[in-house]
Amino acid sequence: MIVHKIKEKQRQNVEHFFINHWGSDEMVTSSGVFNCSKLDGFLVFNDKDEIRGLITYIVKDKVCEIISLDSVDEGKGIGSALLKAVEYEVKRTCNKIKIITTNDNMKALGFYQRRGYRLTRIIKDAVTEARKHKPEIPLKGEYGVPLLDELELEKGLVLISMLKEEDKAALYQFEVENRDYFEKMVPGRGDDYYHYETFCKSHRALLQEQAEQRSYFYLVKDGTGDILGRVNLVDVDDDGVGEIGYRMTSSVAGRGLATLAMKLLIDEAKTLPNVRALEAKTTTNHIASQKVLERNGFIQMGVSEETYVNAAGEEWPFALFRRELEV
């Protein structure tokens, strides 16, 4: 199966597809009124060049919204392939994907939830309001259920997973590719670290420390499994206080993913039986990192006497932060 991005020369065929299957290419939801044939999307054709699957979407404020998803041949993985194509397409520019469906659409609810989407909102009477603009929307849907409300589902395009042995090769590549970028902000690890044999030894040591519940190491990944960064909770002491740190690749800077990754780490920390508080530090000139911490409930406790000297010879003290975990 080959998934194709919609091209301008295919717009008329796309419009005909919507007219044949839905009577119109107009979609009315609480998000707005859309002419689906004019939207970005992907197609699947059969061997006769007939459209058998079609997905359209919009992007606004770093959120991708699926506007339509159709699969003529059900049970062949067409819908899944189209959805994955969109997730991959927007992973570098969006933080999450959302989908709106109607309250009768049990198939859609099952389909999206099986693929990691979570129900986030019920928009009461949204279909009733849409019907004012588009009177042909039926009063009843599947199984005779009255068509009244919209259901919104979302999927974050970032997740964190605890470090594993099988992450070794991908993590090494990540560290090598981002070395120069990271060393502009934090002390370097030294040349030996970037020799694969040395890296593997370090990787084993981290896994052992994790197994002993002294530290916890997580990889920040996108929806396709590519590593976007690292978030760690280290040196958990007898009082249940651990220090956190993170580093994100330059390609996702400014997208709010560090804030999201930190939130996910905090959620993980709450499930750990031996952790009750988190501490962090960042140089006083690193305003972006301070904002990441503050957005996640950390309070600045002071400034340390310890300093960091960067490659330019500039010396900066550390701002100290702390966050208690709710019991």
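1. Let us start with Phe 18, which is buried, with a relative accessible area of 2%. Keep in mind as you read that this is a predicted model. Phe 17 has a relative accessibility of 5%, and because buried means under 20% relative accessible area, Phe 17 counts as buried too.

2. How are the rings of Phe 17 and Phe 18 arranged as an aromatic pair? They are edge-to-face, at 6.0 Å centre to centre and with 85° between the planes. A search of the whole structure finds 9 aromatic pairs.

3. Another pair to look at is Phe 111 with Tyr 112. The ring centres are 5.1 Å apart and the planes stand at 90°, so this pair is edge-to-face. Both Phe 111 and Tyr 112 are buried.

4. Next, please turn to a group of rings. Tyr 172, Tyr 193, Tyr 194, Tyr 196 and Phe 199 are linked into a cluster by ring pairs. One of these rings, Tyr 193, has Arg 189 over its face, at 4.6 Å from the ring centre.

5. Which residue lies over the face of Phe 182? That residue is Arg 247, at 4.6 Å from the ring centre. Both Phe 182 and Arg 247 also belong to the lining of the largest cavity, and that is the subject of the next point.

6. The count of cavities of 30 Å³ or more comes to 1, and the largest cavity has a volume of about 30 Å³. Its lining is made up of Arg 179, Phe 182, Glu 183, Val 186, Pro 187, Gly 188, Arg 189, Tyr 194 and Arg 247.

7. By type, the residues of the lining divide into 4 nonpolar, 1 polar and 4 charged.

8. Finally, have a look at Glu 152, which is found in strand β9, residues 150-156. Is Glu 152 buried or exposed? Its relative accessible area is 5%, and since buried means under 20%, Glu 152 is buried. Leaving aside neighbours within four places in sequence, Glu 152 is in contact with Lys 98, Ile 99 and Ile 100, and also with Arg 118, Leu 119, Thr 120 and Arg 121.

How values were computed:
Residues numbered from 1 in each chain as written. Predicted model: local features only at pLDDT ≥ 70, side-chain atom pairs only at ≥ 80, totals over all residues. Heavy atoms only, no water. Helix = DSSP H or I, 4+ residues; strand = E, 2+ residues; numbered from the N terminus. Buried < 20%, exposed > 50% of the residue type's maximum accessible area, 1.4 Å probe, protein only. Contact = heavy atoms within 4.5 Å. 1 Å grid on protein atoms, 1.4 Å probe; cavity = no way out; pocket = protein on both sides within 12 Å on 5 of 7 lines; lining within 4 Å. Points joined across faces, edges and corners; volume = space filled by probe spheres on them. Nonpolar A, V, L, I, M, F, W, Y, C, P; charged D, E, K, R; others polar. Phe/Tyr/Trp six-rings, centres within 6.5 Å; stacked < 30°, edge-to-face > 60°. Lys NZ or Arg CZ within 6 Å of the ring centre and 35° of its normal.
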